[in-house]
Amino acid sequence: MIAALYDDRSIRAHVHRTRELLSLSTLHSSLSTSLALQHEMGQNATANSGDPAKTEVLELENLGFMEDVSGSLSNLLSSPSKEIKCVESIVFSSFNPPPSYRRLVGDLIYLDVITLEGSKFCITGTTTTFYVNSSSGNTLDPRPTKAASEATTLIGLLQKISSKFKKAFREMLERKASAHPFENIQSLLPPNSWLGLHPVSDHKRDAARAENSLTLSFGSELIGMQRDWNEELQSCREFPHASPQERILRDRALYKVSSDFVDAAISGAIGVISRCIPPINPTDPECFHMYVHNNIFFSFAVDADLEQLSRKQLSDSNLKTEHASSLHGSSEKTLAKSSSGAAKVNGEKSSVSTTENHNLNGVMESASDAPSEAQLAESEQATYASSNNDLKGTKAYQEADVPGLYNLAMAIVDYRGHRVVAQSVLPGILQGDKSDSLLYGSVDNGKKICWNQDFHSKVLEASKRLRVKEHTVLDGSGNVFQIAAPVECKGIVGSDDRHYLLDLMRVTPRDANYTGQNSKFCILRPELITAFCQGEAAKNSKSKSEPKETLESTDSSKVDNVEQVDQTEAAKIAETSDAKPHESEDEKTVVEEYGSKTADVADKSEDIRFNPNVFTEFKLAGSPEEIAADEESVRKVSSYLKDVVLPKFIQDLCTLEVSPMDGQTLTEALHAHGINVRYIGKVADGTKHLPHLWDLCSNEIIVRCAKHILKDVLRDTADHDIGHAVAHFFNCLFGDCQAVSGKGVANTTQSKNQKKDLSGNQASGKSSKGHSRSKGGNVASRKQATCMNLSSESLWSDILEFAKAKYQFKLPEDARSRVKKISVIRNLCLKVGVTIAAKKYDLNAGTPFQTSDILNLQPVVKHSIPICSEAKELVETGKVQLAEGMLNEAYTLFTEAFTILQQVTGPMHREVANCCRYLAMVLYHAGDMAAAIMQQHKELIINERCLGLDHPDTAHSYGNMALFYHGLNQSELALRHMSRALLLLSLSSGPDHPDVAATYINVAMMYQDIGKMNTALRYLQEALKKNERLLGEEHIQTAVCYHALAIAFNCVGAYKLSHQHEKKTYDILVKQLGEDDSRTRDSQNWMKTFKVREAQMNAQKQKGQAVNAVSAQAAIDLLKAHPDLIQAFQAASGGASGSNSNNTVAGETFPRGRGVDERAARAVAEARKKAAARGLLIRPHGVPVQALPPLTQLLNIINSGMTPESSVGDDTNGATDAPIPTPEEPAKAEAQPQGQTPVGLGAGLGALEAKKQKQKAK
């Protein structure tokens, strides 16, 4: 620390920082770090004892907990590290504030400190030093004590007055120093945890914690000026960005301001929902309340999905009332749309003036008289969908980055069932009437449209980058305007003379597949628009190069078009999916970022633009032909989505090209392909033949439906009943629960469905915040009764109905019993922000959850924090280089991207984790295992901190760490990491997923390498069962399974079984790929290899005819001595026959699944060679003779009839020295027996051989 003068603000910050330094709560220790430290300590202990004997690798109990996922919940969270206590307490003294005469001599603060020795000190903080004063009792004595202890820092002073503090503080620093540097860094927006420690730790007195909570400011600064978020953000946008260094500085400033804004918005939104912040228009109805706090504007959005369902149930006689109440129930946007041009706050809100209140009343009256379509549309302006679209539109314009055109900072916070939209305040909008501030767009749904040439030129520039077409529209009076944006957007000039564009809810056109009244905000995704335009450009360039080509039909041209696009997309995905085939949207899309299109494609597809105002209620000018052409182009891209993109995505899912693990990664994969989540029902219908995909889609639909109903319950629940209501809801969803009457609640029999059928004020009370936050006792009683009247039957009938209405998906009648409970609980908790106790739940009981199991309710946030486009482009280029095998160039690009991101976002960011993963991959391919482990460890820590402990990416980080450790011969560490990966996968996807089976195979490979064949076979058997259940009999992964299984039997010398399994591989490949495919030919070569080896063994067998009888008896004795072998064969015969398959890869040619396992299979040969060249420790080829377990002997007896003793040596030679008839690929072939992950145990053949063995025994 630099010695400088303290002031009021800095001395408080100093005390706060001191408390942080004296606590380990900021240290987030990763399990991987602690495993590595334990391993290192164990090695040191062995080295010191001088005992060279290798420690026995423990057998991990993974198979057990995969079947009982609920029991593994308590294993996810590690118990918190033991706190090191340095001081009893440091609190602000009750002598504060300093009296005026002491202020004049520099006193700023007084602290009361109790040391570990039990001594009490009163410390004075001045502008220059901290010292112990002479105060005792209730009177301040500011004189320094006789000991005259003083120091420039508080820690320095504490070290002088307490020896125990000095010792404990040194221990604290050593503990922090032993951790990975990334574990000490705070994550700006940490993910919500859905599990909390159980049993809950004791809540102890902490005066400092109490002080902090009592000075809660909901995100604003306690001392000094409030931050002007808008000015900070727009000033950062205006930074120069010509040179790379200037761009880094600009990106860094934008990222920091945006992150701080989101943080403050979350705190403010919680304050708004908790009724701690007063509204700026308290005289208006409560559902129209708006809030300004900490220079952030807060407003409420309404969950319109439930309203749409209830609307369907209403009779015609109720329609009028429903429309009026729906209008009343919507939030402030209604007010803005219905008021005059002057009535704007942030463009979409209304300022508080009497004129607008009159407007509001007028609209309310007209609405009750004649609810027109426009007014119904107005009522939906503040729905969940519109706020989501607004955020997407804001992001799009931010990324377009047009000079002179500005957007507001924006975040959406979901908390306790409410959705709050937070925005930075538009300059000058709260300071009175600026009737001339609207320059562009409309505030009254197109009745009056404003237009300005200067504004239009800027919007036009942005529209070129966003593929929005310049077009003409009519206002209510018939005047024609030429605009390049949605009609309802608002271009406003602020008091700072900047041009702001707001209300960007329809930057992309409406989905022509959804044109019903309730689908007003069903718009297409920008990724789809980009892919479509690139496909059209590719098609045009192809038709130019081949002018004589015959014209194809529309349908076939569409298919060709998408095949080209999707080939380029698939190529890009292929480059990245080695590492993470379920890549999130920001990695996998061809272009998500509008500005980063390649120049040539951009030029060819420049002319493809879309009119965002077709299929809306706005009147379009222009010729009928032009309007028809605009509509046709939107229909074309909508049918492209339905007829081309969706089937291609389903096909990718079926081939495991895309392999999502949970709801979040499924959503990301859908978005990456440009598919809206509303199509998830069609995806589910297309994957019915693959149980894991159907389960994944149907579970996600159930979670999304339950989320809306749970939010509705939370909105209607009083503060003191939230825990009870959530527990009751979970019991209804996962148990068998009847409606209960709440304690002290009025007796009412109103059911959930009846509630939804009601119209008028009650419907609006449900959807608006007004009634739910009313303090009237009767209303609260009604709500509580509504929540408690929920039963399992009514909840599931609501979910089935909701799924049909929203996703056009009919859940089966037995959906309730088929649901994957743990995965659904996890997904629902993450979507709503619930934290439950990490303990074993009896999910078959009627009421598995107690109120005490609900530990917390956290806000869930969506934001528009900008990303660093330059680093992203470097990563994309690096991935291309890596795919081409140019390791040096790829390493340079990834390192540069990592350096830029470190400067822009700091290390705790998902993009930084991506860079670390790719760097680890490059180093792995180059054979530098130790450096690969360092990079992979960084990725693992960042994923744990930024995505969550049990995110699928975190699971695969553990899997990759395991493979790297295995490459360094550290099998025990590798297996412990694999155990963690399996635990995390079981929580996110459940035990039935191809990735789980693939991880089993990796575990088996590790056990096989250390000679534990019995354990390896158990894992292979389990993997085989899973894949037979999940994937079809002739799935290409089945061939991969049989091939790897043949290799596994080859390793133990069972060449006959190897040949039989490779024959099955060959048959499947011939059927799927044809005889000319390279993979089919490879399989044929392997068959010849095994045939040769079998012939060699038969020749040896003929030499030893005399030992047949002895060997048969030996086999019987062996089985008696080792009953586990009988179990292994029984398991093999019990498994399904014929259809075993898996998600792993053979060589470089088979399709990929997820990247944890297949990367190793692909690169292992090259990595081993290079590692050997570098002198790194690598595993020798072949299994050590002494490690061969009894099963190997038994298999050889089956094959050859030799004695167990003579078979051992032959196996080893066979596994290592036999010729391999694929000279063109020696490295790959050589790697196969050792580095290839063996896949599955041939159940059918295993059973056959077991029968033969029994006959011999007889």
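## Burial and packing

Of the chain's 1258 residues, 59% count as buried; buried means under 20% relative accessible area, exposed over 50%, and partly exposed in between (1.4 Å probe, protein chains only). The model is predicted: local features need pLDDT of at least 70, side-chain atom pairs count only at pLDDT 80 or more, and totals for chains, interfaces and linings use all residues. Residues are numbered from 1 along each chain as its sequence is written, and side-chain values use heavy atoms, with hydrogens and water left out.

The chain has 51 helices and 20 strands (DSSP runs numbered from the N terminus: helices H or I, at least four residues; strands E, at least two). It exposes about 49100 Å² (Shrake-Rupley method, 1.4 Å probe; for residues, only the protein chains shown count as cover). Carbon and sulfur atoms supply 53% of that area. Among contacts (heavy atoms within 4.5 Å) between residues at least 6 apart in sequence, 75% join residues at least 24 apart.

Two nonpolar cores are listed below. Such a core is a set of buried Ala, Val, Leu, Ile, Met, Phe, Trp, Tyr and Cys residues joined through side-chain atoms within 4.5 Å.

| Core | Size | Members include |
|---|---|---|
| Largest | 162 residues | F729, F730, I799, I836 |
| Second, separate | 56 residues | L233, C915, I941, C946 |

In the largest core, the four residues named touch the most other members. Helix α25 (residues 691-715) gives the most to this core, with 13 residues. I799 touches I702, C705, A706, I709, L733 and L811, not counting residues up to four places away in sequence.

Helix α23 (residues 663-672) is mostly covered, with nine of its ten residues buried. Among them are G663, L666, E668 and H671. Just after α23, G674 takes a positive phi of about 80°.
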